[in-house]
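Q: I would like to go through this model with you, starting with the sheet and then turning to the ligand. Could you take my questions one at a time?

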Amino acid sequence: RMFSYEGPFFLAVMLLGLYIIGRSLRREQEFKRRQQNFLMAASHEFRTPISTLRLLAQTLQMRELSREKQLSYLTHMTHEIDRLEDLSERLLATSRLVQGLGQIKPERHDLNQVAGRCLARQQSTLMARGATLHLEPAPVPLPVDLDPEAFSLVLSNLLDNAVKYSPQPQKPVWVRLRREGEQAVLEVEDRGVGLSKGDLQQIFEPFFRVGDEQTRRTRGLGLGLYLVKNITELMGGRVWAEALPQGSRFGLSFPLAEAHSPVPERRPA
Ligand code: ADP
């Protein structure tokens with residue numbers, strides 16, 4: 001007989017099976033827990049400005065206030081309305097993105113150029129938040145097949161995080177490109193709060209946010225890196241994260257397109 005239903009081999013297979021089932025159940029529970037946390041965080045973010053608005057409106061209705069006081073209450077109300085608007089826009093943008101992921105159209109581009117254009121577009125916004133960007137393009141062209149808009153979303157998420165998780169007033173960020181064998185590699189490096197080994201394994205999962213003080217102080221839904229990973233992989237790329245002695249480094253790689261099939265040039269007819 002090839003296989004017996006007794007003995008150590010069978011027992012080992014059974015235990016392995018039980019272990020795998022147990023692990024996937026735990027993962028599912030963990031995912032549900034995070035989704036629950038996300039919903040609670042999102043509804044809490046909505047509830048706070050709503051109760052503030054109610055309180056201010058009721059006060060305006062019920063009390064005789066000086067013109068000056070009224071104006072300051074109305075300014076406060078406008079501020080809370082802005083907050084609500086920003087929050088609902090971020091939620092909408094995320095769900096639109098998740099739905100639109102199927103429409104990625106890869107084309108041949110030089111990764112140096114795509115990254116350079118993307119950085120140039122975001123430079124002023126990031127500088128206003130205290131960031132100093134250092135772009136180090138590769139000394140060689142990096143022909144890859146990707147959708148520039150989808151790629152720009154990926155890179156802007158990484159840049160946004162690099163700045164968001166750098167609490168110090170000066171926020172240096174490096175964007176380095178290089179060729180590594182048959183891959184084009186791009187890295188985004190910051191000197192921010194950094195990541196622990198345990199966090200590194202989870203940050204790409206949906207709704208995950210590190211549970212520390214600095215993260216709680218920033219706004220986020222824990223979906224950015226999940227989108228980064230999904231979009232990158234849809235374009236045939238890979239993404240990873242590294243913890244540095246100070247700060248973090250995120251890497252993207254895309255397979256280099258064959259040197260024999262360059263971008264088709266447009267010739268005049
Ligand atoms: P969020 O909306 O919370 O920023 P992300 O999916 O972009 O969601 O990131 C998930 C978590 O990973 C963040 O909450 C943060 O704790 C951690 N993280 C992401 N980028 C960085 C970074 N550059 N430095 C330190 N921690 C980071």
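Q: In which sense do E2 and strand E4 pair, and over how many bridges?
A: This is a predicted model. In it, E2 and strand E4, residues 171-180, are paired in the parallel sense, with six bridges.

Q: Which residues stand opposite each other there, say for Glu-136?
A: Glu-136 is opposite Arg-176 in E4. Leu-133 has Val-173 of E4 as its bridge partner.

Q: And in which sense do E4 and E5 pair?
A: That pairing is antiparallel and has eight bridges. Trp-174, for example, has Glu-189 in E5 as its bridge partner.

Q: What lies between E4 and E5?
A: The two strands form a hairpin with two residues between them. Gly-181, in the turn, has a positive phi of about 60 degrees.

Q: Changing topic: how many residues surround the ligand?
A: There are 21, and the closest are Asn-161, Tyr-165, Asp-190, Arg-209 and Leu-225. By class, the shell divides into 11 nonpolar, seven polar and three charged residues.

Q: Which element gives the largest share of that shell?
A: H4 does, with three residues.

Q: Which polar atoms lie by the ligand's nitrogen and oxygen atoms?
A: A polar side-chain atom of Asp-190 is 2.9 Å from a ligand nitrogen atom. A polar side-chain atom of Lys-164 lies 3.0 Å from a ligand oxygen atom. For Gly-224, a polar backbone atom is 3.2 Å from an oxygen atom of the ligand.

Q: How much of the ligand does the protein bury?
A: Taken alone, the ligand exposes 530 Å², and the protein buries 97% of that.

Q: Which elements give two or more residues to the shell?
A: Those elements are H4, helix H7 (224-234) and E7.

Note on methods:
Residues are numbered from 1 along each chain as its sequence is written. This is a predicted model: local features need pLDDT of at least 70, side-chain atom pairs count only at pLDDT 80 or more; totals for chains, interfaces and linings use all residues. Side-chain values use heavy atoms; hydrogens and water are left out. Two strands pair if DSSP finds at least two bridges between them. Helices (H or I, at least four residues) and strands (E, at least two) are DSSP runs, numbered from the N terminus. A residue is near a molecule or strand if one of its heavy atoms lies within 4 Å of it. A polar contact is a pair of N or O atoms within 3.5 Å; within protein, one must be able to donate a hydrogen and the other to accept it, and residues adjacent in sequence count only if both atoms are side-chain atoms. Accessible areas come from the Shrake-Rupley method with a 1.4 Å probe; for residues, only the protein chains shown count as cover. Ala, Val, Leu, Ile, Met, Phe, Trp, Tyr, Cys and Pro count as nonpolar, Asp, Glu, Lys and Arg as charged, and the others, Gly among them, as polar.
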